[in-house]
Amino acid sequence: MGYGELNIRSYNPQKDRARVEDLERRCEVGPAERGFLFTDTLGDPICRIRNSPIYNMIVAELNNQLVGVIQGSIKLVTIHKPPKNLARVGYILGLRVAPLYRRRGIGSSLVVRLEEWFIASGVDYAYMATEKDNDASFKLFVEKLGYVKFRTPAILVNPVNCPMYGISSKYEFEKLKVEEAESLYRKFMSSMEFFPSDIGNILRNKLSLGTWVAYPRGESWGEILPSSWAMVSVWNSGEVFKLRLGNAPTSCLMYTKSSQLMGNLVPCFKWRGIPDFMHPFGFYFIYGVYREGPMSGKLVRTLCRLVHNMAAKCRDCKAVVTEVGGSDTLRRHIPHWRLLSCPEDLWCIKGLKNEERESFYELIKTQTTRTLFVDPREV
């Protein structure tokens, strides 16, 4: 490499905590033209993987300086490939390289080391997510390390602001017990791609605020389900880490300032503006969205509004976020702002076992119309 000996090793909390936090603060996430996101891990650098069944953080040192970090988690999920439908997958996230040490092969060395840990742990596939227009990430994973495009889900962002949404009296709402929610998810969503086998652990996690269902007023919730119904669960990501927008596009800055001004000048119009994302903020993540029946689209929209109103009561919560398959018709019913959303997130995948190469090719050729389950622990 020509810059000294690169040392790649496991994360040591006592030695590395402060240095990893400093690196995280100095590294931006996302392409420059859309604005950078900076992450505050609230004193816990492994906060984004701590709730996963199996996890690991790897760091890179060069000349006694911590110059890179990567995180990974492992779980068992539904994945449609012959001859079986379950696979052990490893998720790659949190790849950071200090700005002054980029383009030296540090990022690729970290990914390779993490893949070695995946293989030793019996992982079938490694996958990662990035924005479609993140050229540096695409070149590293696809062009250099052999990952292939797998899915392009949409990240939908709805800003949390006042006034709250009005909730229609045409619908009934009910918060489910964890056991009932788990039973419904296993019954109706277990065949969806990337559905986690440990869904019960997710629902019981303290960060999961609950699962709600909505159905038409006049019908009842019980063993016989209503003619139309919808279900969502909510994860409080703001308790894990905070985000801050840097280098925001001029259009976003102007709209934020003008909407705040309009809200102050004419409050009677109940103007909905963009919250201040330039200061640290948290967000709620909606996961496990499911619906059935002719009125289910309206029920999903109403549940999303209910979650917005919940988030409005939470200090520092500035957005409600969800992620759905790129061609999933659900996106039409989920309130979001195009200015803040990402229409095509890019998921890339790589087979780690030679004996399953044919199954891997079958997997990546499957149609992208299937519904995708996005694990809130990996947001």
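Strand β14 (residues 317-324) and β8 run antiparallel and are joined by six bridges, where two strands count as paired if DSSP finds at least two bridges between them. The model is a predicted one, in which local features need pLDDT of at least 70, side-chain atom pairs count only at pLDDT 80 or more, and totals for chains, interfaces and linings use all residues. Residues are numbered from 1 along each chain as its sequence is written, and side-chain values use heavy atoms, with hydrogens and water left out. Helices (H or I, at least four residues) and strands (E, at least two) are DSSP runs, numbered from the N terminus.

**The sheet**
- Six strands form an open sheet with mixed pairing, in the order β8-β14-β13-β11-β10-β9.
- At its edges stand β8 (154-159) and β9 (171-176), each with a single partner strand, so one side of each has no neighbour in the sheet.

**Helix α3**
- In helix α3 (residues 135-144), Ser137, Leu140, Phe141 and Val142 are buried, meaning under 20% relative accessible area, while exposed means over 50% and partly exposed lies in between (1.4 Å probe, protein chains only).
- These buried residues line one face of α3, because they fall within an arc of 160 degrees seen down its axis, the arc being that of the directions from the helix axis to the C-beta atoms.
- On the other side of α3, Asp135, Ala136, Glu143 and Lys144 are exposed.
- Just after α3, Gly146 has a positive phi of about 85 degrees.
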